[in-house]
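Thanks for coming, everyone. Please look at the structure on the screen, and let's walk through it together.

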Amino acid sequence: MKKITFISDTHGIHKDIESQLDGGFMIIHAGDVTSMGHTKEIRGFLKWFGSLPYQYKVFIAGNHDFGLQNYPLEHFNIPSGVFYLQDSMIEIDGLKIYGSPYCPTFGRWAFMKNRGKEIAEVWSKIPEGIDILVTHGPPMDILDMNLYEVNCGCKDLLARVETIKPKIHVFGHIHENHGSMHSSSRGITFINASNLNEDYQCVNKPIYRSYEDCKKI
Ligand SMILES: [Zn+2]
């Protein structure tokens with residue numbers, strides 16, 4: 001079966017999930033590839049990601065990945081078969097995939113925008129007609145509950161997602177709410193692909209969907 005594997009929030013200990021990645025068509029990583037975003041960490045991730053036995057490897061940055069915010073992409077060696085999305089889209093084998101690293105502001109991290117007008121402007125760039133949306137943070141009230149039982153997703157992201165209706169919306173960021181759910185009223189499958197738990201232990205499994213489940217008709 002032609003399938004897509006979703007992972008996220010590996011924070012530098014990606015080798016811990018390697019045995020569960022059986023290769024194939026495509027893997028998508030929804031950000032936080034490092035713990036502190038240093039160049040060395042990003043290069044280490046890229047070397048590993050590029051070596052995985054998938055035909056296509058797509059990733060975005062997350063709030064920990066400072067290096068991808070602070071340096072131009074040419075600073076890193078992107079291996080062949082690896083595609084980095086930053087408020088941009090790629091079409092692979094008929095699948096339109098759009099990725100954005102932004103989260104609503106909290107603390108002092110990378111790729112953050114204030115809730116409201118500022119972040120809504122980022123989401124307004126997500127085009128209509130995409131099959132898979134990859135963002136680092138979740139939309140409001142969907143797989144977005146943290147340890148303190150606070151829903152920390154983005155309301156403006158949810159509004160945009162409900163308008164453009166991708167087939168899949170994958171994210172991470174909130175380690176505590178790993179899992180997936182299908183909203184039949186919206187016709188969208190939401191995936192929180194965080195592999196690390198709240199204690200940064202790599203215990204959550206990769207999530208898979210078939211090509212057909214990811215493609216808008
Ligand atoms: Zn994380």
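Let's start with one residue. Methionine 181 touches Leu143 and Phe190, not counting residues up to four places away in sequence. Touching here is contact: two residues are in contact if their C-beta atoms, placed from the backbone, lie within 7 Å. Methionine 181 sits in strand 11, residues 179-183. Is methionine 181 buried or exposed? It counts as exposed, because it has 11 C-beta neighbours inside 10 Å. The cut-offs are these: a residue is buried if 20 or more other C-beta atoms lie within 10 Å of its own, exposed if 12 or fewer, and partly exposed in between, with C-beta atoms placed from the backbone. One distance as well: the C-alpha atoms of methionine 181 and asparagine 192 are separated by 8.9 Å, and these residues are eleven apart along the chain.

Two ground rules. Residues are numbered from 1 along each chain as its sequence is written. This is a predicted model, where local features need pLDDT of at least 70, side-chain atom pairs count only at pLDDT 80 or more, and totals for chains, interfaces and linings use all residues.

Now the whole chain. The protein chain has five helices and 13 strands. These are DSSP runs, numbered from the N terminus: helices are H or I with at least four residues, strands are E with at least two. The C-alpha trace spans about 40 × 40 × 30 Å along its principal axes. Of the 217 residues, 43% count as buried. Take the contacts with a separation of 6 or more: 66% of them join residues 24 or more positions apart.

Next, the core. In soluble globular proteins, nonpolar side chains tend to be buried together. Here the largest nonpolar core has 47 residues. By nonpolar core I mean a set of buried Ala, Val, Leu, Ile, Met, Phe, Trp, Tyr and Cys residues joined through C-beta atoms within 7 Å. Which residues have the most contacts inside it? They are Phe6, Ile28, Ile132, Val134 and Val170. Phenylalanine 6 is in contact with Ile28, Val170, Ile191, Ala193, Pro206 and Ile207, leaving aside neighbours within four places in sequence.

Ile207 takes us to strand 13, residues 207-210. Its side chains alternate. Strand 13 pairs with strand 1, residues 3-7, in the antiparallel sense over four bridges. Pairing requires that DSSP finds at least two bridges between the strands. Threonine 5 has tyrosine 208 in strand 13 as its bridge partner.

On to helix 1, residues 39-51. At 1.5 Å a residue, its 13 residues should span 18 Å, and its end C-alpha atoms are 18 Å apart, which agrees. The expected span is 1.5 Å times one less than the number of residues. Ile42, Phe45 and Phe49 are buried in helix 1. Seen down the axis, the buried residues fall within an arc of 60°, so they line one face of the helix. The arc is that of the directions from the helix axis to the C-beta atoms. On the other side, Lys40, Lys47 and Ser51 are exposed. What covers the buried residues of helix 1 includes strand 2, strand 3, helix 2 and strand 4.

Compare helix 4, residues 155-164. Its buried residues are Asp156, Leu157, Arg160 and Val161. They cover an arc of only 135° around the axis, which puts them on the same side of helix 4. They pack against helix 3, strand 9, strand 10 and strand 12. Lysine 165 follows helix 4, and its phi is positive, near 45°.

Last stop: the loop between strand 9 and helix 4. Asparagine 146 lies there. It counts as partly exposed, because it has 15 C-beta neighbours inside 10 Å. Leaving aside neighbours within four places in sequence, asparagine 146 is in contact with Cys152, Ile174 and Glu176. Glutamate 149 is in this loop too. Its phi is positive, near 60°, in a residue other than glycine.
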